[in-house]
Amino acid sequence: MSAPLLDGLNPAQREAVMHGEGPLLVVAGAGSGKTRVLTHRIARLIEDDNVSPFEILAITFTNKAADEMRHRVGSLVGPVAQKMWVSTFHSACVRILRRDGARLGYPSSFTIYDVLRDLNIDTKRLPARSVQGQISLAKNELRSPEQLADEATHIIERKVADVYAEYQARLRAAGAMDFDDLLGVTVELFRTHSDVLESYQRRFRY
């Protein structure tokens with residue numbers, strides 16, 4: 001282990017950086033050095049364990065955090081970091097769906113919509129932002145329009161389910177997804193096409 005990769009790490013951070021094969025759960029709060037630990041762990045895997053940079057998948061929540069992680073990894077392992085998968089969850093899903101989304105009927109050049117629009121909604125009774133929020137929540141919970149309709153207990157919830165179904169139909173007709181679909185459609189792809197899932201499992205060992 002090259003000493004600089006352990007410099008400035010506390011015992012818990014060192015343990016995470018030095019962890020070998022298998023999963024590791026680290027619970028850490030804001031400002032506790034999570035990005036530092038992850039980037040130093042990536043560098044250790046490459047330098048000490050001879051892991052290919054292309055076998056490592058580094059995921060975070062925001063573009064800012066992903067950019068910072070990529071920069072830090074680059075300072076430790078060099079230019080190869082620019083070719084690694086260091087990204088947000090959504091950006092990683094876009095890459096997967098651009099390559100394999102055709103298995104679910106999406107064109108590789110699918111459009112990403114970030115707003116709900118052009119639906120005939122009584123905005124006084126049912127504000128568009130409220131509808132969009134409920135649809136977004138349903139998608140993040142992997143609930144389909146049919147599930148939402150089945151679970152509806154009053155007319156407003158049934159209307160939201162109807163809008164959700166129409167919205168998804170329009171997206172599919174346009175060969176498009178919204179931001180929430182990027183995660184859900186990737187889950188659907190992996191669940192329904194085991195060969196695609198296995199190809200990424202083989203590629204990303206870490």
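The buried residues of α3 pack against α2, β1 (57–60) and β2 (85–88), where buried denotes a relative accessible area under 20%, exposed one over 50% and partly exposed a value in between (1.4 Å probe, protein chains only), and where contact requires heavy atoms within 4.5 Å. The model is a predicted one, in which local features need pLDDT of at least 70 and side-chain atom pairs count only at pLDDT 80 or more, whereas totals for chains, interfaces and linings use all residues. Residues are numbered from 1 along each chain as its sequence is written, and side-chain values use heavy atoms, with hydrogens and water left out. Helices (H or I, at least four residues) and strands (E, at least two) are DSSP runs, numbered from the N terminus.

Helix α3 comprises 15 residues, 63–77, and reaches 21 Å from its first C-alpha to its last, close to the 21 Å expected at 1.5 Å a residue, the expected span being 1.5 Å times one less than the number of residues. Its buried residues are A66, M69, R70 and V73; because these cover an arc of only 100° around the axis, they lie on the same side of α3, the arc being that of the directions from the helix axis to the C-beta atoms. The face turned away from this buried side carries the exposed residues K64, H71 and S75. After α3 comes G78, with a positive phi near 95°.

Helices α5 (residues 128–140) and α7 (residues 155–173) pack at an angle of about 75°, with their axes 10 Å apart; axes are lines fitted to C-alpha atoms, for helices over the stretch in contact, and angles run from 0 to 180 degrees between N-to-C directions. The two helices α5 and α7 are therefore roughly perpendicular to each other, a term that covers angles of 65 to 115 degrees. To this contact α5 contributes V131, Q134, I135, A138 and K139, and α7 contributes V160, V163, Y164, Y167, Q168 and L171.

Most residues other than glycine have a negative phi.

Note on methods. Parallel < 35°, antiparallel > 145°, perpendicular 65-115°, else oblique.
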